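Visitor: Please pick one part of this model and give me a close look at it. Then show me how it sits in the whole.

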Amino acid sequence: MSGLSSYLFSTLSKVGGLGGSGVPDFPYTLGAKFDEFSGRTLWEVHAAQSSDGKHEATVFVFDKARGPSFTSVAQNSLKRLRTLRHPSMLRYLAGAETADAIYIATEPVVPLALELAADRSGADELTRWGLYRVSEALRFVNEDCKLVHANVSVSSVFVTKAGEWKLGGLELADAVGAQEGGQQVYRHFTSVVPGYAARMAPEVEAQDWARLEQGKAGALDGWGMACLIHECFNGDLSSASQMQTQGQIPAQLWPLHQRLRTADVRRRMTPAEFLQAGQRANGYLDSSFVRACRFIENVAMKEDDERSEFFAGLDATISGFPAEFTKHKILPELLKLVEFGGIGSSGHDAKVLSSIVQIGKGLDEAEYNELVAPAIVQLFGSNDRALRFSLLEHMHSFIGAIPAALVSKKVFPNYATGFLDAAPAIREATVKAALAVAPKLGHKQLNGELVKQLVRLVADPKPGIRTNALICIGKLCTAQRSGLELDGDGVSEASHRYVVCPALMQALRDQFPPVRSAALSVATACAARWDAMDIARRVVPAIAPLLVDGERPVRVAALKAVGAMVARVEAHAQGMPETMAKKQVPAAGKQSVGAQAEAAANMAAAADGWGGWAVSSLSSTISGAISLASSLPIAQQQERAPSAPPVAAASTSRVQSDPSLVQHQKPEATVSSPTTAAPARTQPALTAGATAGGWEFNDDWGDDNGDAWDIGNDDWDAVDKDTPAQSTPAGGMAAVASAPRPAPNVTVAKTSLKLAKPATKKQPAPRSGPAQTGAAPRRKGLGAMKLGGAKTTDAMLDEFF
């Protein structure tokens, strides 16, 4: 029957019937069995998983078919494991008892006997810490629970993933003496425990229960500690006499081992005494590893100065820890310290986070996502500003290992609240952390939220935050040069033009010099992204005043910015056409004379270039001036041009002797031509007796004394009321005269006729003579001649605009 039960149990275990839906109220499914451990205890040990597959566990299975005595011991183990809870004891998860078997689920562990056979890194330190934890658990059982374990050995100790030792094997645990109401299981059932006879204490072997009860509490378990130490360093124990040999037991531990195996129960060292003696100076349990582990577990009860001393060297201490222990033990403890605020008020959370990041570097992606990422994501939801500040400061250290999807959905929403925080330190730290968060964000989140939040801080009341926000914006806009790998194209052109550029233009007017300098630096770095038209119309005019800023760094940055902008415009101009003018010919009969003349000038410019345009305008102006001058009386006295030859004496005397010629002498007349926009030359001086074909022109363009530009000395009232109207000869003006226009008026000034240069300063309005009946229409063009009537003011500006 027993064989059939074992067969059925094995078969159901393989198919998952046991530990799953086959066992009521036991939500674990059995996995592989530790075959190497079979026969060392009453239990079959299996790796297991929770029914939902999310948690690992270890399941101890006992087959009741082995007999009632074995069953009683297994039931006692289940009872004690349920009720005894201590960090150093095997953690109970679930239990179930059926008619055929008993099931106990605990945290995932491996039997110590199997771990000792493997080659482990840091085994010496882990053994120190393991003996410390076992002795601590036994002290709890003996002194706090008033029980005796009575089964301490390698087979009753198990190891977690972190390498910590946990005490189990509570099959014989019971109260000492009948007065405690115990059943004294250790008195009656020692024979059912495999290998117990080889490590039996002298008083148990002699069944001297009275001496045991009169001895110290925990004396029996002290003997078990001695057995455990021997098995850890010298292998399995087949006889109690083997413990008299030191073997591989360390010299620091050997004196304590001798006191633990003393035959006299009253002199024997208890586990509590072993724990105390081992922690003395230079004791076996007095190592940096053990001290660090103890401190982390009890940091909430330490003083601030003790915390300061410990956390100051935490990174160096952790670097020497075994990798598995650091990953599964130290890291969860540090995360709990940060999460629940056990660090204290001395501000050491940053150092703890630094240690967390250091440990996380040694993890692979799967382990990091399992151990570190969930805890850090949870920390971002904390309302503790000190903790949030530490997270922001160390963002660059750990954010890279967190999946982008997790950052976008859970980290960034909590992170973004820092932009609106009332504390300036939080806002500034949030800005600095943006460069670490940006590579984890999508294109829409980057441009739609992060960039806009940074731009909003350009108007922050704190100048330091404004400066850092600008620097951060600049690095995001120049991500490729900054070494940032942003999603897509990074900051989009639309965000740069409509969000970033206005912020930079605003920052150029900031009262804080570093803000202006930062804005100029960002504008320089982003010069290639600016629109050339914006540079010419908005950017350069905004930067220009900063070239003479009161702060030298701002001036230097402004000069660099202007150079970069000019280079950008030059590069853009190289791709532009020679002219942007469009050759459009209006419909015939619908354009004015001035429009026709302007169209003709444009066509001439397109055909002959700028040189042809200038010559054409000049020739037309000269032609008009000669035609006008030929209509004046020949007897008028004219001023001789410096380049003209000397006047004959006869002619001079004739002018001086004839009073009529003196009476009709007129000053110089400045003529404006309505048919050209080019600057007009000065009319030449007319000598006595010269004909129309003998006009001599003053070609001295460098002499401005006496030409039409010196109009400030002109006598605008010099027109004689009795001067008869001049007739226009059919000369060079005949082509222009075909268009309907008022008669030209002559403005008299000085004594010579010269071509007028373009007016560059405002001239006083001319006064029309009494012979005029109406104001002459205003004529447009650089070559317009002043013929009286309404003065053509600012002809050059009119033509330019």
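Guide: Two strands pair if DSSP finds at least two bridges between them. Strands are DSSP runs of E with at least two residues, helices are runs of H or I with at least four, and both are numbered from the N terminus. In general, the strands of a sheet pair through backbone hydrogen bonds, either parallel or antiparallel.

This is a predicted model: local features need pLDDT of at least 70, side-chain atom pairs count only at pLDDT 80 or more, and totals for chains, interfaces and linings use all residues. Residues are numbered from 1 along each chain as its sequence is written, and side-chain values use heavy atoms, without hydrogens or water.

Start with strand 3 (residues 56-63). Of its 8 residues, 7 are buried, so strand 3 is largely enclosed by the rest of the structure. Buried means under 20% relative accessible area, exposed means over 50%, and partly exposed lies in between (1.4 Å probe, protein chains only).

On one pairing, strand 3 runs antiparallel to strand 2 (residues 44-50), over 6 bridges. Here alanine 47 stands opposite threonine 58. The hairpin of these two strands has 5 residues between them, and its glycine 53 takes a positive phi near 75 degrees. Strand 3 also pairs with strand 5 (residues 101-106), again antiparallel and by 6 bridges. Phenylalanine 62 has isoleucine 102 of strand 5 as its bridge partner.

A helix covers part of this.

Now the loop between strand 1 and strand 2. Threonine 41 sits there. Its relative accessibility is 14%, which means that threonine 41 counts as buried. Beyond its neighbours within four places in sequence, threonine 41 is in contact (heavy atoms within 4.5 Å) with Arg66, Glu171 and Pro194.

Strand 8 (residues 157-159) joins strand 9 in the antiparallel sense over 3 bridges. Phenylalanine 158 has lysine 166 in strand 9 as its bridge partner.

The expected span of a helix is 1.5 Å times one less than its number of residues. Just after helix 4, lysine 146 takes a positive phi of about 55 degrees.

Next, the nonpolar cores. Such a core is a set of buried Ala, Val, Leu, Ile, Met, Phe, Trp, Tyr and Cys residues joined through side-chain atoms within 4.5 Å. The largest has 179 residues, and those with the most contacts inside it are Leu228, Leu334, Met395, Phe398, Tyr415, Leu450 and Trp530. Helix 8 (residues 219-234) gives the most to this core, 10 residues. Apart from it lies another core of 13 residues, including Leu30, Ala57, Val61 and Tyr103.

Helix 8 itself has 15 of its 16 residues buried, so helix 8 is largely enclosed by the rest of the structure. Its 16 residues should span 22 Å, and the end C-alpha atoms are 23 Å apart, which agrees. Glycine 235 follows helix 8 with a positive phi, near 90 degrees.

Last, the whole. The protein has 32 helices and 12 strands. Buried residues make up 46% of its 801 residues. Of contacts between residues at least 6 apart in sequence, 68% join residues at least 24 apart. The accessible surface is about 39300 Å², with 52% of it on carbon and sulfur atoms. These areas come from the Shrake-Rupley method with a 1.4 Å probe; for residues, only the protein chains shown count as cover.
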